[in-house]
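User: I'd like to learn how to read a protein model feature by feature. Could you walk me through one?

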Amino acid sequence: MLRLLFILGIFGCLACASSTDRPIIGVLSLPTKSQYGRSYIAASYVKFLEAAGARVAPIKYTDSFETITNLFSSLNGVLFTGGGDELNGTYFAVEQLLFKLVLDANNRGEHVPLWGTCLGFEAISMIVAGGDIRTFCDAENISMALEMEPTARNSRLFGGLTDTEYRTLSQKPVTLNNHQWCLKTDTFASSSLAEFFTLLSTNADRAGMRFVSSMEGKKYPIFAVQWHPEKNPYEWLEDSAIVHSDESVGAVGSLARTFVREARQNGHHFATLDAEWQSLIWNYSPVYTGKTHSDFEQTYFFA
Ligand SMILES: *[C@@H]1O[C@H](CO)[C@@H](O)[C@H](O)[C@H]1NC(C)=O
Ligand SMILES: *[C@@H]1O[C@H](CO)[C@@H](O)[C@H](O)[C@H]1NC(C)=O
């Protein structure tokens, strides 16, 4: 009887606050030399998450590892955005820290998901592979249909899509690629990446080089896409291949919901309501950068 109570106690505690309907996702800021601040987050990633029922807390890459580690313990998920960075300085070191914190949390039984888009996809690949495994390629400003692997339809990432949404992503050229580095499918297959990730979709660059466009962790709730789901609804750069069709907006919105659903599955929360308020991105006002032909209509900057 005592032993039964003890076992119930352990599982009871694991189950306590193991989910939330008030998820807060940490989005990592990127270095910038802008007049407005030292780091930035494109507002499209924030809106992408907000439209799916989450709030966003910026993780400033300029903060100390200690501050970031403390903040992480209150967050329900983490997102690495796209952008331009050499992935050899402080920003990448912070991504490595956050990646480790995500693995540690999941190993403790706390289901904390991580999402990487474009540069975020590349960073996650490099962390798992333990080196720079990218190949130069020709895939900027091009929208394509995802060439799905047989595993995709029942995956965590794409399994929640309706048949119509799945057909949109897999048959219509709606996923914007905007990168000059590719993770070749050959590289994926012959590295530790194939053990860590399930390959979900591939594409070919303008020269026919096949690269990984979507993948998810086998054991961990880690999702990485080389393309830009946040751009269909929220970015309007003129002279761009971004598709704004109704069906594309619906399909990418469903993917955001899938990620936020994963983030609802842990009970991380701030110690106080005041600490929560202080953390949220609503303490900052985005700048209308689209007026100056930026890739981003609105951008958050941090001192
Ligand atoms: C990162 O790589 C770039 C390009 O190769 C180089 O110019 C820069 O000095 C490197 N930065 C660090 C911190 O090593
Ligand atoms: C981007 O692609 C679109 C669609 O193919 C094209 O109309 C546009 O001119 C391209 N923009 C640039 C800067 O190449």
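User: Which residues does D295 touch, not counting residues up to four places away in sequence?

Analyst: A word first: this is a predicted model. A contact list shows what packs against a residue once its sequence neighbours are set aside, with contact taken as heavy atoms within 4.5 Å. For D295, the list is N178, K231, E235 and L237. As for its place, D295 is in the loop between β13 (287-288) and β14 (298-302).

User: Is D295 buried or exposed, or in between?

Analyst: Relative accessibility decides this: under 20% is buried, over 50% is exposed, and the range between is partly exposed. D295 has 36% relative accessibility, so the residue counts as partly exposed. E297, in the loop between β13 and β14 too, has a relative accessible area of 15% and is therefore buried.

User: What does E297 touch, leaving out residues up to four places away in sequence?

Analyst: E297 touches Y234, E235, W236 and L237, and also V287, Y288, T289 and G290. E235 and L237 are on the list for D295 as well.

User: Where does UniProt place the feature "active site"?

Analyst: An annotation is a label from a record, so it may be inferred rather than shown by experiment. Here the UniProt entry, which is unreviewed, puts "active site" at C118 and H228.

User: How should I read the surroundings of C118, and what is it in contact with beyond four places in sequence?

Analyst: Start with the place, then the cover, then the contacts. C118 is found in the loop between β6 (114-117) and α5 (119-129). With 5% relative accessibility, C118 counts as buried. The contacts of C118 are G82, N178, H179, V225, Q226, W227 and H228. Its backbone deserves a look too: C118 has a positive phi of about 55°, although it is not a glycine.

User: And where is H228, and is it buried or exposed?

Analyst: H228 is in the loop between β12 (222-225) and α9 (231-234). Its relative accessible area is 4%, so H228 is buried. Beyond its sequence neighbours, H228 touches Y45, G82, T117, C118, L176 and N178.

User: What about ligand 2: which residues are around it?

Analyst: For a ligand, read the neighbours, then the polar distances, then the cover. The residues around ligand 2 are N141, D239 and A241. An N or O atom in the side chain of N141 is 2.5 Å from an oxygen atom of ligand 2. For D239, a polar side-chain atom lies 2.7 Å from a ligand 2 oxygen. On its own, ligand 2 has 360 Å² of accessible area, and the protein covers 37% of it.

User: Where does N141 lie, and what is its phi near?

Analyst: N141 lies in strand β7 (residues 135-144). Its phi is near 50°, a positive value in a residue other than glycine. At 35% relative accessibility, N141 counts as partly exposed.

User: Let me end with a helix residue. Where is S254, and what is it in contact with?

Analyst: S254 lies in helix α10 (residues 246-263). Its relative accessible area is 10%, so S254 is buried. Leaving aside neighbours within four places in sequence, S254 is in contact with G160, L161 and E165.

How values were computed: Residues numbered from 1 in each chain as written. Chains lettered and ligands numbered in written order. Predicted model: local features only at pLDDT ≥ 70, side-chain atom pairs only at ≥ 80, totals over all residues. Heavy atoms only, no water. Helix = DSSP H or I, 4+ residues; strand = E, 2+ residues; numbered from the N terminus. Buried < 20%, exposed > 50% of the residue type's maximum accessible area, 1.4 Å probe, protein only. Near = heavy atom within 4 Å. Polar contact = N/O pair within 3.5 Å; in protein donor to acceptor, adjacent residues only side chain to side chain. Areas by Shrake-Rupley, 256 points an atom, 1.4 Å probe, with all protein chains shown as cover.
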